[in-house]
Amino acid sequence: MKHLATTALLAALTTSAPASAQEERRSLPAASITAADIDAVSPALGKYTQDTVLGELWSRRDLSPRDRSVVTVAALIARNQTVELPFYFERALDNGVTAAELSEIVTHLAFYSGFPNAMSAVVVAKDVFARRGIGVDQLPPASPDLLPQDEAAEAAREKTVRDTVGSVSQGVVDYTDMLFDDVWQRPGLAPRDRSLVTVSALIVSGQSAQVTFHLNRAMDSGLTKAQASEMLTHLAFYGGWPNVFSVVPVVKEVLAKREG
Amino acid sequence: MKHLATTALLAALTTSAPASAQEERRSLPAASITAADIDAVSPALGKYTQDTVLGELWSRRDLSPRDRSVVTVAALIARNQTVELPFYFERALDNGVTAAELSEIVTHLAFYSGFPNAMSAVVVAKDVFARRGIGVDQLPPASPDLLPQDEAAEAAREKTVRDTVGSVSQGVVDYTDMLFDDVWQRPGLAPRDRSLVTVSALIVSGQSAQVTFHLNRAMDSGLTKAQASEMLTHLAFYGGWPNVFSVVPVVKEVLAKREG
Amino acid sequence: MKHLATTALLAALTTSAPASAQEERRSLPAASITAADIDAVSPALGKYTQDTVLGELWSRRDLSPRDRSVVTVAALIARNQTVELPFYFERALDNGVTAAELSEIVTHLAFYSGFPNAMSAVVVAKDVFARRGIGVDQLPPASPDLLPQDEAAEAAREKTVRDTVGSVSQGVVDYTDMLFDDVWQRPGLAPRDRSLVTVSALIVSGQSAQVTFHLNRAMDSGLTKAQASEMLTHLAFYGGWPNVFSVVPVVKEVLAKREG
């Protein structure tokens, strides 16, 4: 019966919008799912969605609404969840994620979740951008000046990939160099956010094994332990409990090594 | 050449509807795929679908059509398979799964497959419910009286999760308590069915590692060995052979320990 | 900064269509995504799609455009990527994959990726076939004369499955016999292509463990090491980097054992 106490505790931390305002947000954009739709199938799911997720979870400390939007959009694209994507693209823009950052998130995930997932996101994003009057002038250019690299870290990464993958596929080695030398160094999305997107995508895709490298990279770029911890809480709801439980031992080991 | 003998054997167990009736069922609801659609792409796939799957598999002993519907709907929601979902929601209602149970299955899987998968299911289920005149009076309330818990088992579960997850994410620990104290104890779906849904979702999502706990829970709640075995046969067709082959060693170990 | 050299090197191998022709291909069929759509969300993604993927990747040596189409269609069906499927079904037909082969690929993946994924592919393929005037006369019959089996290899496979799965699910054993005795022996798709489809589907679904058996089978049927290597390069873009990195150690071991 611990959940009642938990709920009460968390509710105290929540700045909850009135139900009608939430419903209004929920019903934008047109093609999205309304609170009434959810209640017509499951009043319980309606309650969990409005109260527990949109109300309580999104208002918890340790991860800002802006970061939660980055994590959520990454999870949806990684899982090809187009039904919810319009709502969460709009919410991301409302929460301070810029159109330029969303543009980079889609591009970044083309590599981590496959180009077809990025294309599904394009179908949704182009309509959201059009509705908001977001033109190409607000988007990062195709070929910007790139951020400088940490040469030592990049040399180590290149050597690891060459040693691991080289004898199997030189093509994968070459395009991985492109991924790290070009995509990762684009200035339109901060390295810490790029890592947050990558880790979120890996977790909700059940790819725990590759979280070690990217979570370390995220924390090297400024992601705090409290934020990483709360990212897991958030992703339990958006990528399902099993994916989060699978990654817990991996995250625990990363944290232990960094603290030890 | 063993398949001919197998097919003959299984056909003898089958109560097959005439082809025209199957076609009719297949073509409901309007947006679904017809047998003619399948034949226009692959007459072989049409044969396997009508004869092997809808005819033979669904009529096999050891798992009732009602249980097969529970397993199938869980698999489709877990994999976000909206194209087939209208057909199988209808089939579930025809096979004796109640609207209240479907409502609970969607809610339960919000936690195990992520809220976005549940939302995709809502989009389909609301139309099926509307078409059948299923109103909110037939659905479980948002906050019912909960089933009593097995205090000892729950205390053990809480301790395990606290010990495993506590140092990584207190938020995950707290909401996992909510999941087990609240969602799992809702009376609208029998504990055995809730476990059957969970195990099915885990298997078709490739999450073998967490099947041990939930398959034991399912069998503690009344799932028989024969039913678990036949659930695997059924899921081979609905979640693909590789996911079933991956989980076989896990199931084997669970069965061995329970018998040993 | 290695990527510039790499890009230059690869560009030299590329027979790139003029941008306008690519845009035209890209905008067929009607429901598909145009280059303008991509640029409206991310000019960078537009560049990577047109130049790196459609231009450069598809023109690389070691895997023909025809084989790349087989691999791509398999990856899309395995991941239930219906948005991109019309474009790549059309491209496959343009690249010399026959309608009969596409028909068999859909049927084959019903077993490896689940019948619901095959049904989603049917929805797309039936429209592509209709638009091209491809009738049932161009499709393999439901029950053709089957290819002869390698009796020794098949007996070994049967024994392994019986020993591994028999005590857990006789149904899975029986239908696996059907899968290998019937589906795999259909003459409409060459064994080497059937294996290429299977391996591609396993990789993009994160099912590395079962790649060993099927990659060996593919190479026994004629897939070369260079083709396997380039398949990984191709799948990095279509199934995402993490799935390819996960399978690299498995592929490395298969290659080492075959060379050793």
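This is a predicted model: local features need pLDDT of at least 70, side-chain atom pairs count only at pLDDT 80 or more; totals for chains, interfaces and linings use all residues.
Asp62(A) has a positive phi of about 85° although it is not a glycine, and it is found in the loop between helix 4 (43-56) and helix 5 (65-78) of chain A, where helices are DSSP runs of H or I with at least four residues, numbered from the N terminus. Most residues other than glycine have a negative phi.

Residues are numbered from 1 along each chain as its sequence is written, and chains are lettered from A, with ligands numbered from 1, in the order in which they are written.

A second residue of this kind is Asn80(C), with a positive phi of about 60° although it is not a glycine. Asn80(C) sits in the loop between helix 5 (65-78) and helix 6 (85-94) of chain C, and with 22 C-beta neighbours inside 10 Å it counts as buried.

Now to the arrangement of the chains. Chain C can be laid on chain A with an RMSD of 0.0 Å by a turn of 120° and a shift of 0.0 Å along the axis, the superposition being by least squares on the C-alpha atoms of residues with pLDDT of at least 70 in both copies. The two copies are thus related as by a three-fold rotation axis, and in chain C the C-alpha nearest that axis is that of Gly206(C), 4.8 Å from it.

How do the chains meet? 44 residues of chain C are in contact with 45 residues of chain A, contact meaning that the C-beta atoms of two residues, placed from the backbone, lie within 7 Å. On the side of chain C that touches chain A, helix 14 gives the most, with nine residues, and the residues of that side divide into 23 nonpolar, 12 polar and nine charged. In these classes Ala, Val, Leu, Ile, Met, Phe, Trp, Tyr, Cys and Pro count as nonpolar, Asp, Glu, Lys and Arg as charged, and the others, Gly among them, as polar. Only 2% of the interface residues of chain C are also interface residues in chain A, so the copies meet through different surfaces.

For the other pair, 45 residues of chain B are in contact with 44 residues of chain A, and helix 8 of chain B gives the most to the side that touches chain A, with 10 residues.

Leaving aside residues up to four places away in sequence, Val106(C) touches residues including Val41(B), Ser42(B) and Leu45(B), together with Ile77(C) and Ala118(C). By contrast, of the 15 residues of helix 9 of chain C, the number buried is one, so that helix lies largely in the open.

Terms used:
Helices (H or I, at least four residues) and strands (E, at least two) are DSSP runs, numbered from the N terminus. A residue is buried if 20 or more other C-beta atoms lie within 10 Å of its own, exposed if 12 or fewer, and partly exposed in between; C-beta atoms are placed from the backbone.
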